[in-house]
Amino acid sequence: TACELDGAPARDFFTALNDIIVQMVYVIMKTAPYGVFALIAAVIADFGPGILLNLLKYSAVVLLGLAIHLFVIYGSVLKIFTKMSVTSFFRGFRPAQVVGFCTSSSNATLPVSMECATQNLGVPEHICSFTLPLGATINMDGTALLQGVATAFLAQIYGIDLGFTQQLTVVLTATLASIGTAGIPGAGIVMLAIVLDSVGVPLQGIGIILGV
């Protein structure tokens, strides 16, 4: 029909654009391991092989903090304020967790999160259509936690003693920085510069944890 013919060029354009973006992502994924290797090699050259053990401890602390926040904090909120079991919640939200883990982006996960909330958890659409986009923008607890741990880790690497006031500054700055962080992969590392600068930790320390 005439409408189909009129829409064909636009459809072909966006199809081609999608193919280009997919190919770009494919190339990035193929070259990313070499980039990470180069980052880690540079860190080892500067700090010696012992830094790998420190990076392992840093990663373990971040993962432990995220696990506590996920299961203890969120689990307690579910128990106290809702009648839904923790198991049912995580089972219903599993698709969104998988997409979030794979994309490292709260914005990219948003459509799946809304689908899980409405279809699996029974949340009314008019509620989740407001709360989930808002949460994907300002409720970045994991980013704040990572920035706090990263700042303490880098301060130890550079031999900087963080007093109580500076630790409080890290908490407040990391919280505010996480609110302003975009929901895209790697944005938290960029905002980490603000947190490091607030307590005088060298910004080049970001290169140490960037490979992780």
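The paragraphs below lead through a predicted model, from its overall build to its cores, cysteines, aromatic rings and a few threonines.

Residues are numbered from 1 along each chain as its sequence is written, and side-chain values use heavy atoms, with hydrogens and water left out. In this predicted model, local features need pLDDT of at least 70 and side-chain atom pairs count only at pLDDT 80 or more, whereas totals for chains, interfaces and linings use all residues.

The chain has an average pLDDT of 85, and 95% of the residues score at least 70, pLDDT being the predictor's confidence in each residue on a scale from 0 to 100. The secondary structure comes to 10 helices and 0 strands, where helices (H or I, at least four residues) and strands (E, at least two) are DSSP runs numbered from the N terminus. Taken along the principal axes, the C-alpha atoms fill a box of roughly 70 × 45 × 25 Å.

Of the 212 residues, 26% count as buried; the term buried stands for under 20% relative accessible area, exposed for over 50%, and partly exposed for what lies in between (1.4 Å probe, protein chains only). The accessible surface comes to about 13400 Å², of which 71% belongs to carbon and sulfur atoms, with areas taken from the Shrake-Rupley method with a 1.4 Å probe and, for residues, only the protein chains shown counting as cover. Among contacts (heavy atoms within 4.5 Å) between residues at least 6 apart in sequence, 64% join residues at least 24 apart.

In soluble globular proteins, nonpolar side chains tend to be buried together. A nonpolar core is here a set of buried Ala, Val, Leu, Ile, Met, Phe, Trp, Tyr and Cys residues joined through side-chain atoms within 4.5 Å. The largest such core has 23 residues, of which Tyr-58, Phe-153, Leu-154, Leu-192, Ile-208 and Ile-209 touch the most other members. At least two residues of this core come from each of α2 (51–81), α7 (141–157), α8 (164–179), α9 (187–198) and α10 (206–210), and α7 gives the most, with 5 residues. When neighbours within four places in sequence are left aside, Phe-153 is in contact with Asn-54, Leu-55, Tyr-58, Ile-208 and Ile-209. Apart from this core lies another, of 6 residues, among them Phe-93, Ala-96, Cys-116 and Ala-117.

The structure holds 0 disulfides, a disulfide being a pair of cysteine sulfur atoms within 2.5 Å. For Cys-102, the closest cysteine sulfur is that of Cys-116, which at 13 Å is too far for a bond, and Cys-102 is exposed, with a relative accessible area of 61%. Cys-128 is likewise in no disulfide, the nearest cysteine sulfur, again in Cys-116, being 11 Å away; Cys-128, however, counts as buried at 1% relative accessibility.

A pair of aromatic rings is described by the distance of the centres and the angle of the planes. Rings of Phe, Tyr and Trp (its six-membered ring) pair if their centres lie within 6.5 Å, and planes under 30 degrees apart count as stacked, over 60 as edge-to-face and the rest as tilted. A search of the whole structure finds 6 aromatic pairs. One of them joins Phe-13 and Phe-14 in an edge-to-face arrangement, with 5.2 Å from centre to centre and 75° between the planes, and Phe-14 is exposed, with a relative accessible area of 54%. Elsewhere, Phe-71, Phe-89, Phe-90 and Phe-93 form one aromatic cluster.

Thr-143 lies in helix α7 and is buried, with a relative accessible area of 18%; beyond residues up to four places away in sequence, Thr-143 touches Ser-178, Thr-181 and Gly-188. Thr-181 lies in the loop between α8 and α9 and is buried too, at a relative accessible area of 4%. Neighbours within four places aside, the contacts of Thr-181 are Thr-137, Met-140, Thr-143, Gln-147, Ala-187, Gly-188 and Met-191. Thr-109, in helix α5 (residues 106–120), is buried, with a relative accessible area of 7%, and with neighbours within four places again left aside is in contact with Ala-96, Val-99, Gly-100 and Thr-103. Tyr-26, found in helix α1, counts as partly exposed at 48% relative accessibility, and the C-alpha atoms of Tyr-26 and Thr-109, 83 residues apart along the chain, are separated by 20 Å.
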